[in-house]
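Here is a short tour of a structure, taken one topic at a time. Please keep the model open beside the text as you read.

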Number of protein chains: 2
Amino acid sequence: MTSEREYVTAHLEDLHADLDAWLRIPSISADPAHAGDVAASAEWLAEALRRTGFPTVEIWPTAGAPAVFAEWPSADAGAPVALVYGHHDVQPVDPLELWDRPPFQPTRVEGPDGPELHARGAIDDKGNVAFHLLGIRAHLAATGRATPAVTVKLIIEGEEESGSPHFEALLEEKRDRLACDVVVVSDTGMAAPDVPSAVTAMRGLADAEITLRGPAVDLHSGSFGGAVPNPLHAMAELLAKLHDDQGRVTIPGFYDKVLPLSDRERELMSRVPFDEQAWLAGPAASRATYGEAGYSTLERTGARPTAEVNGMWGGYTGPGHKTIIPAEAHAKVTFRLVSDQKPQDIGPLLESWVAANVPAGIEAEVHTPPGGVAPCASDLDSPHMDALLAAIGQAFDCDPADVLFTREGGSGPEAAIVEALGAPLLFLGAGLPTDRIHSPNERVLLPMLYRGAEAAAHLWRELAARAS
Amino acid sequence: MTSEREYVTAHLEDLHADLDAWLRIPSISADPAHAGDVAASAEWLAEALRRTGFPTVEIWPTAGAPAVFAEWPSADAGAPVALVYGHHDVQPVDPLELWDRPPFQPTRVEGPDGPELHARGAIDDKGNVAFHLLGIRAHLAATGRATPAVTVKLIIEGEEESGSPHFEALLEEKRDRLACDVVVVSDTGMAAPDVPSAVTAMRGLADAEITLRGPAVDLHSGSFGGAVPNPLHAMAELLAKLHDDQGRVTIPGFYDKVLPLSDRERELMSRVPFDEQAWLAGPAASRATYGEAGYSTLERTGARPTAEVNGMWGGYTGPGHKTIIPAEAHAKVTFRLVSDQKPQDIGPLLESWVAANVPAGIEAEVHTPPGGVAPCASDLDSPHMDALLAAIGQAFDCDPADVLFTREGGSGPEAAIVEALGAPLLFLGAGLPTDRIHSPNERVLLPMLYRGAEAAAHLWRELAARAS
């Protein structure tokens with residue numbers, strides 16, 4: 001048993017106690033009524049970091065919720081700097097009635113893969129941040145060091161679940177304090193409990209709202225039906241054209257900056273064990289797969305861009321019927337982006353496509369808010385990646401070459417960190433696809449957290465060993 | 001000047017006073033808060049009919065709002081019986097802020113075509129019913145009769161604007177009291193102020209709600225987007241297929257009972273003056289016409305069946321974005337029916353079509369409520385129609401052969417009256433396409449009402465003259 005594992009195993013109650021206390025704070029950033037709880041969550045984390053030993057701990061206010069910054073400098077001359085990114089806010093809990101247990105009373109449940117802890121934020125992202133508190137102590141104890149082998153910084157924001165609206169400004173303002181050689185994102189997970197893996201990419205995100213306008217007012221469908229354009233028909237026809245019969249997005253130019261998947265990338269993805277029927281029966285809760293022809297489900301969700309209609313509305317939606325041709329129809333569409341696609345390029349492409357695809361008599365408006373998220377990825381062949389694979393391999397008792405690569409289909413502020421700080425990304429997270437993040441009954445599998453702490457402990461030593 | 005016109009002209013103030021009092025009662029049947037007003041409206045009408053001279057006047061309760069029945073028997077042996085149909089309830093008034101004047105304070109406005117009266121219900125349908133009060137008095141005065149030349153019955157219901165939910169039951173219950181030789185529907189209008197015309201048909205109505213279900217819960221579009229079927233995409237694709245590129249409804253069997261328009265019917269419709277640009281700029285408030293290829297706008301709105309999506313919704317519709325694949329998508333669709341189409345046939349046709357057009361992984365449910373409205377039409381070559389044309393011709397100072405035929409695109413309980421009573425239909429109404437019925441600033445052109453009263457006065461005499 002490694003010394004890191006010995007330390008972690010001997011101090012699990014510290015991790016449990018920390019997580020239990022933190023999860024009781026309902027730090028829902030999307031709900032203004034919980035602003036005080038988000039602030040309390042930042043205070044709790046700051047105090048926990050001080051207690052862990054970080055000599056510098058600061059709460060950084062933003063125009064929204066506060067972030068927590070901590071720094072533990074390495075005494076070694078020329079030691080590299082690693083910056084851990086995570087967040088201390090959580091998703092809303094509605095529909096509350098679908099929770100089997102109160103979401104802010106963390107509860108231990110014995111599951112088929114070991115003990116689970118159920119609570120909102122159990123893994124996303126308090127669990128993923130909390131394992132670092134134990135991890136750095138294990139690193140110091142196992143190596144007999146007074147300071148870590150690399151300078152460890154943490155930036156734990158408070159608005160990730162609300163789209164990180166003030167995080168870019170904070171990165172800009174604190175760029176010097178956050179300067180680092182590598183960013184360690186701890187907000188993701190692994191393929192399965194027995195499948196040690198590292199995320200290597202996240203998709204980007206662009207969003208848009210489409211409004212189609214027909215008659216100036218809602219019209220009586222008896223008097224006018226069949227003779228003037230109906231915006232709902234036009235919206236249906238428009239959105240039906242968004243994908244071709246191969247499941248490809250039809251917007252001209254959409255794929256221009258998408259790099260083809262290399263044979264090596266496809267081979268790496270194909271190594272990840274994936275039971276499609278179990279996946280459909282699990283959180284996907286769907287009756288069939290569907291998507292772009294020529295790609296596997298893991299490729300579709302991780303490595304290919306998408307256009308997804310998230311909402312659509314117009315006309316009469318109450319009980320019974322109302323015989324109108326409505327004045328307007330609306331749709332919300334988001335795009336997941338990969339490789340070199342940029343969110344700011346999507347709006348103009350979409351606008352041109354919509355303009356070319358609405359019938360006479362229908363006026364179209366496309367609203368694309370500024371911002372969006374660029375896709376981001378790790379370099380598979382860097383010394384940093386070697387360090388990560390070595391750390392995960394030791395935590396999971398496997399050869400580093402057997403650590404698999406996965407891709408995260410979601411989007412976060414990671415690309416903005418890369419952009420602001422110019423440092424490469426690593427992903428170290430202890431979540432599982434079955435953890436029900438953002439849904440009722442979120443949980444963390446506790447053995448995964450323990451291994452996360454171990455991997456973090458190993459990572460600082462492995463990164464230092466490979467510093468040039 | 002006819003004696004009927006002399007009487008009407010000398011008694012316009014009676015019509016004004018009646019209408020003014022009646023329009024002040026906000027008899028909105030759709031709003032339970034106005035149930036007392038609907039009852040008061042029935043009471044007012046009953047009293048006005050007694051004052052007019054009807055020997056029998058009864059308020060008939062229903063499971064909803066009350067109807068008013070009146071009967072004035074002709075003393076002539078073998079005189080035919082005519083039943084006037086109308087309604088005393090009115091549409092809701094929202095959005096109230098779009099009214100230039102309070103909707104229940106009738107106001108005279110001088111318009112380009114003569115004096116107008118602005119109020120909710122001014123023409124739909126209190127104006128159309130009120131002219132009969134003056135009309136029957138003019139008939140008696142002009143002919144010197146103590147009783148009308150035909151037995152005149154009226155059935156004026158109180159729930160037409162709510163879909164007449166209890167009217168069929170009332171027709172059933174009171175079939176004997178309502179027995180008649182001809183039904184005179186007074187709930188429509190003419191093509192233009194200077195274009196005397198008679199409606200000859202109304203479209204029927206069938207309605208349906210389509211629900212498509214995909215994942216069991218809303219899914220995170222980052223984790224699942226691009227890999228499972230999205231019910232909103234499926235709904236867009238389904239509704240986009242509802243019409244082909246010729247604007248025809250694609251549901252197999254939909255047109256099976258639609259009789260082709262005869263050359264005579266098309267010729268009659270083409271005589272109706274129609275300024276398409278003015279129509280688009282008016283209440284249609286649309287930028288272009290659209291519809292089934294090969295048919296004029298008047299044919300599309302009056303003589304052809306349609307499928308119209310009245311509402312569509314699903315997923316996230318709030319501010320900003322929410323990156324979900326929603327569990328469900330919904331649409332409300334109504335069909336306007338013509339010739340021999342039956343509302344009860346539409347549901348099964350739609351269900352089969354939906355089932356054949358949803359992708360794997362999407363579950364479809366089609367809800368078609370019982371009821372609906374059958375299409376109905378007048379016989380153009382009957383003695384009753386000759387009587388109507390003669391009456392309109394005298395009121396409008398034109399040859400009966402110059403009275404044009406129009407078709408009403410909307411739907412009402414007329415077909416149910418024909419079904420219950422077995423009598424043919426005539427339509428005599430004083431509305432205009434520009435009267436803004438169901439919309440803010442509803443009005444009636446008063447000279448049209450005066451001519452309506454005259455035509456009603458002539459009609460009873462003309463019907464008696466043609467009785468076999």
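Through which surface do the copies, chain A and chain B, meet? The copies meet through the same surface, because 100% of the interface residues of chain B are also interface residues in chain A.

## About the model

This is a predicted model, in which local features need pLDDT of at least 70, side-chain atom pairs count only at pLDDT 80 or more, and totals for chains, interfaces and linings use all residues. Residues are numbered from 1 along each chain as its sequence is written, while chains are lettered from A and ligands numbered from 1 in the order in which they are written.

## How the two chains are related

## The interface

Chain A and chain B each bring 66 residues to the contact (two residues are in contact if their C-beta atoms, placed from the backbone, lie within 7 Å). On chain B, the elements that each supply at least two residues include helix H8 (231–240), helix H11 (297–302), strand S11 (306–315) and strand S13 (328–337); helices (H or I, at least four residues) and strands (E, at least two) are DSSP runs, numbered from the N terminus. S11(B) gives the largest share, nine residues.

By class, this side of chain B holds 24 nonpolar, 30 polar and twelve charged residues (Ala, Val, Leu, Ile, Met, Phe, Trp, Tyr, Cys and Pro count as nonpolar, Asp, Glu, Lys and Arg as charged, and the others, Gly among them, as polar). Strand S11 of chain A also runs antiparallel to S11(B), joined by five bridges (strands pair if DSSP finds at least two bridges between them). Here A:Met312 stands opposite B:Gly314.

## Domains of chain A

Chain A is assigned domain 1 (3–202 + 375–465) and domain 2 (204–258 + 305–367), with bounds from an automatic or database domain assignment. Their centres, taken over C-alpha atoms, are separated by 38 Å. Four residues from domain 1 and seven residues from domain 2 make up the contact.

## A three-stranded sheet

Chain A also has an open sheet of three strands, ordered S4-S5-S18 with antiparallel pairing. Strand S4 (107–111) and strand S18 (443–445) stand at the edges with a single partner strand each, so one side of each is left without a neighbour in the sheet.

Strand S5 (residues 114–118) and S18(A) are joined by three bridges, and A:Leu117 has A:Val444 as its bridge partner in S18(A).
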